[in-house]
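Begin by looking over the sequence and the fold below.

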Amino acid sequence: MKVIVATDIVKYHGGDLRVLSGATLSVEAGEKVGLVGRNGAGKTTLLEILAGNSEPDSGSVEHPGGAKVGMTAQKLYAVDRGARSVEEEIISAFEPLMARERELEALGTRLSEDPSDALMERYGRLQSEFERDGGYEYRARAASALSSLGFAPEDWKRPVGSFSGGEQSRIALARLLLEEPDLVLLDEPTNHLDLNAIEWLEGFVKSAKSAVLVVSHDRYFLDAVAGSILELEDGRLHRYPGNYSKYVAERKARDEQLARKAKANAERRAQLERFVEKNRAKASKATQAKSKQKLLDRMEKIEDPRRSTKNVKLDLGGETARAGRVVLEMEDVRYAHEDSEEALLDSLDLVVERGERVALLGPNGTGKSTIMRLATGELSPQRGLVRLGNNVAPAYQDQQLARLDDAKTVLREAMDATGFDAPEARDLLGAFLFSGDDVFKKVSALSGGERNRLSLAEIVVSGANLLLLDEPTNNLDIPAREALEEALLEYRGTMFFISHDRYFLRKLATRVVDLDGKKLVNYLGGYDYYRAHRRLDVKEGGRKTRRRVRPGLDKNQSVLATRLVAVEGEIDATERRVARLEKELASSELYSDGKRSREVILEHRQLKSALDGLYTDWGQLLEEAEEAGL
């Protein structure tokens, strides 16, 4: 059964500019659909029309059987509603169940006075329906949603209006999902969520009874939840079966096929044009030339899709000044906000070496951005040491992009930040899709994605050999994210970055540091290595153990489990030794002893090489274990 049908939707945006040009779609009950397209393609406009918040200029939207559509609204918690506590707001998603609960309580009171068969039968029927619909679980579900989205129990009584915009978005998202309308419309739901909350959201969306249509640039999220992908391009929708990765493969195959057709079409058109040009003046060939011209006029011109697509052009592969071996160091750092006596960070240690791409992970609010600001010198610790290494030239992109001057035009901002003259700055901005009069816009008028592109343009030419990036993919569409990833892979300097984009993390991170309990936990491998080790670490009696060998395994599983435990033990021991050596390498006293420093450097290099081999073995064993059902 369909929950929504939209037919030939057309929407104008000022004058003759059409955002949607006959978009048509339908969504089945329970279906999970991803909606993708470039920034500005009209995805949010389409959602607003489907939700009934905006009217199309032509076309129709139907809700078969009166299907209910839900979408989080902007400025949801103004005035009276903002005075509600978080707990009250979330619980209100279950108002129908709460009404039945009150009815059951009233019936129970009446039964104590009049235990008639009719009342008993009615009470029993209502109680059965209440239980069937989750009446005894809704408070636990609400609490689980709040906890998973990062709200501590002590915050549940706070008014919704007292939270930040990002926190209010999370509250609205939780309420909408718990309400379970027939169709849920989600616009970038992973924004403002940390990794734990994103994983909770994935599970919730996959198991939801509601159909879900989600706009997202989070490719990992789309892979996890979407059963099909709708692509919005040139105002029209194209549906692809399967998740995001399958869509990418099918889209690539389609583009290659269209490119071949475009090439053949261009060659045939050129052939006809040559014939017409050569023979139109010849009396013996004039009729044929006229016929060929008519054929040419009727022939459809096929565009190569790869040529019509504009992409951000990033190039970070140039030479950078060679920094010292240790690029960034933090030792025994303690930091507390001015208005707080409790430390946000305590006894924090970190060493980042030249050429590394280190990802900083951890729940929202634990201090990741504070660590970045300490690294830049914008903040100073109350205790401990923060220093950049020899010959380090950093470039910092903060999450709010506060470095950009809202009062300037895009062109003036780029010129002042880079030292370029106007033609050079315009060439640079053109590579980041700022063309024509776009460069004369005020920075304050730019969208989030445009601000991010402007900041990246300035970083590209900064000559920095250390990039400090706080959520660099925020507000970027998927093509821009992919361009950034490819550029950073070619970058010859060092990266220390925060991200919740798991595709980005998997592609770039060579090491992960996890902010846990005011300190950093080091994972000497990429994102997949970090994920696997986080899964394997199970708290038992205050210590972490590997749950591998256990009763009930067959012979093959037992062998694999034993081998995994052995390899993981080797990895742990080697990682600990490497960590000790790195602490020694970070000490200036080591280099006063030439012999000892050479020994430490050699051992460190050998152990790092051994670790690479162990990671490879471990990855292969993990794949075998998963295939064996371990």
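Both Asp 255 and Arg 251 are buried (buried is under 20% relative accessible area, exposed over 50%, partly exposed in between, with a 1.4 Å probe and protein chains only). The model is predicted, so local features need pLDDT of at least 70 and side-chain atom pairs count only at pLDDT 80 or more, while totals for chains, interfaces and linings use all residues. Residues are numbered from 1 along each chain as its sequence is written, and side-chain values use heavy atoms, with hydrogens and water left out.

Asp 255 and Arg 251 sit four residues apart, about one turn, in helix α9 (residues 244-279); helices are DSSP runs of H or I with at least four residues, numbered from the N terminus. Their side chains form a salt bridge at 2.9 Å, N to O. The term means a side-chain nitrogen of Lys or Arg within 4 Å of a carboxyl oxygen of Asp or Glu.

The whole structure holds 40 salt bridges. One of them pairs Glu 199 with Arg 531, with the closest N and O atoms 3.7 Å apart. Glu 199 lies in helix α7 (residues 195-207) and Arg 531 in helix α18 (residues 527-536), so this pair ties together parts 332 residues apart in sequence. Glu 199 is partly exposed at 31% relative accessible area, and Arg 531 is partly exposed at 21%.

Glu 486 and Lys 507 also meet in a salt bridge, at 2.7 Å from N to O. Glu 486 belongs to helix α16 (residues 478-490) and Lys 507 to helix α17 (residues 502-508), 21 residues apart. Through shared partners, salt bridges join Arg 219, Arg 481, Glu 485, Glu 486, Asp 501 and Lys 507 into one network.

Key. Helices (H or I, at least four residues) and strands (E, at least two) are DSSP runs, numbered from the N terminus.
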